[in-house]
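Please read these points with the sequence and the model open. They are meant for someone who has not seen this structure before.

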Amino acid sequence: MRVTNLWKKNERPTISFEFFPPRSEKDAGKFEKVIDDLAKLNPDFVSVTFGAGGSSREGSYQLVNKLINEKGLDVIAYLAGYGLNPDEIISVLDSYQGLGVETILALRGDPPRANEGFTPHPQSMRHASDLLEFMGERYDFCMGAAGHPEGHPEAESKEKDLEYLKLKVTNGAEFIIANFVYDTRFFFDFVERCRAIDIKVPILPGVMPIYSVKLLEILTKTCGATITEEIHQGLARLPTDDNKAVAEFGIDFATQQCRELIEKGVPGIHIYTMDRGKATTEIVQRLRSEGLL
Ligand SMILES: Cc1cc2nc3c(=O)[nH]c(=O)nc-3n(C[C@H](O)[C@H](O)[C@H](O)COP(=O)(O)OP(=O)(O)OC[C@H]3O[C@@H](n4cnc5c(N)ncnc54)[C@H](O)[C@@H]3O)c2cc1C
């Protein structure tokens, strides 16, 4: 599946789910049920992450294989070029091509933290734009890139970040998947700024439900998403340490975000599932019951 073909039909917003390869056998057991539950929702496609430095290379391959060949799902495979040499990149891309993958999201990935300890290859791609150029010269994948509505944390400025996003499009990205935000205005503003500099490709919003306070804090710190006042106040009203109440709040909040996004005509909703099933299931069922998907 070349994902951009889905949006050309323009019938209704697509719904898609992001997965990462399970990190242990115990996780894999639980995850199998999550996949089956979410597959029942008939997503338009699912996506599989890739650890920078190749840390999840085999796991990503196995998961892509399972989702395509056992579960019959359409898959976008991610590739984080950071830390891999060109031969390794070719080998990953060949293996995905062998599975019938037609769409790749090209990413830089994040350099290792001190305790992760891989040494990046000296020839590894410095930026996603380099990876896109490299892939475009050798393959016929439908290629996409990541966008950062609030600006990438390392970016010199939001404007510069957008210039580099435009370079990714010039180098072959046919669509953009946006990082999550908790205030949809950041997303709409981002789309507007993209259009103003002639980035015309579809921009798919990513939605990250709040799964727990701890995860919220970790994830927002990593990617720089703003935790809004509404979230601070909403969480403060909940009983301390009531994880169930936090998860319910997260579902309500994410569903409302999806409504706002869909009402303003986004091409689809891409949910960062964190390999969990309940929140995504609830959100999709609510949106469908309202006729929004
Ligand atoms: C939808 C989505 C999926 C993701 N999936 C994964 C995953 O599977 N695995 C993973 O490891 N990470 C993943 N990430 C995280 C991502 O790898 C990090 O956000 C990373 O820090 C940046 O990736 P990028 O592709 O946007 O990098 P780039 O586009 O290379 O940008 C990184 C930084 O460099 C700057 N820059 C960009 N191009 C240039 C250039 N040509 N010259 C100079 N500066 C430049 C940008 O302004 C930015 O500050 C994902 C992020 C998103 C939004």
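1. Serine 129 has a relative accessibility of 8% and so counts as buried (buried means under 20% relative accessible area, exposed over 50%, partly exposed in between, with a 1.4 Å probe and protein chains only). Serine 129 belongs to helix H5, residues 128–138 (helices are DSSP runs of H or I with at least four residues, strands are runs of E with at least two, and both are numbered from the N terminus). Leaving aside residues up to four places away in sequence, serine 129 touches Leu167, Lys168 and Asn171; contact means heavy atoms within 4.5 Å.

2. On the source: this is a predicted model, in which local features need pLDDT of at least 70 and side-chain atom pairs count only at pLDDT 80 or more, while totals for chains, interfaces and linings use all residues. Residues are numbered from 1 along each chain as its sequence is written, and side-chain values use heavy atoms, with hydrogens and water left out.

3. Tyrosine 182 sits in the loop between strand S6 (173–178) and H7. Its relative accessibility is 4%, so tyrosine 182 is buried. Not counting residues up to four places away in sequence, tyrosine 182 touches Met208, Pro209, Ile210, Leu216, Thr220, Thr226, Thr228, Ile231, Phe253 and Gln257.

4. The structure holds nine aromatic pairs. Rings of Phe, Tyr and Trp (its six-membered ring) pair if their centres lie within 6.5 Å; planes under 30 degrees apart count as stacked, over 60 as edge-to-face and the rest as tilted. Phenylalanine 19 and phenylalanine 31 make an edge-to-face pair, at 5.4 Å centre to centre and 75° between the planes. Phenylalanine 19 is in strand S1 (residues 14–19) and phenylalanine 31 in helix H2 (residues 25–39), so this pair ties together parts that are 12 residues apart in sequence. Phenylalanine 19 is buried at 1% relative accessible area, and phenylalanine 31 is buried at 4%.

5. Which residues form one aromatic cluster? They are Phe180, Tyr182, Phe249, Phe253 and Tyr272.

6. Helix H9 (residues 229–236) packs with helix H10 (residues 243–263) at an angle of about 145°, and their axes are 10 Å apart. Axes are lines fitted to C-alpha atoms, for helices over the stretch in contact, and angles run from 0 to 180 degrees between N-to-C directions. On the H9 side, Glu230, Ile231, Gly234 and Leu235 meet Val246, Phe249 and Phe253 of H10. The residues of this contact divide into five nonpolar, one polar and one charged (Ala, Val, Leu, Ile, Met, Phe, Trp, Tyr, Cys and Pro count as nonpolar, Asp, Glu, Lys and Arg as charged, and the others, Gly among them, as polar).

7. Two arginines lie over ring faces: arginine 23 over phenylalanine 20, at 4.7 Å from the ring centre, and arginine 138 over phenylalanine 134, at 3.8 Å from the ring centre. A charge sits over a ring if NZ of Lys or CZ of Arg is within 6 Å of the ring centre and within 35 degrees of the ring normal.

8. Most residues other than glycine have a negative phi. Aspartate 198 has a positive phi, near 75°. Aspartate 198 is in the loop between helix H7 (184–196) and strand S7 (203–204), and is partly exposed at 47% relative accessible area. Methionine 274 also has a positive phi, of about 50°, and is found in the loop between strand S9 (268–272) and helix H11 (278–289).
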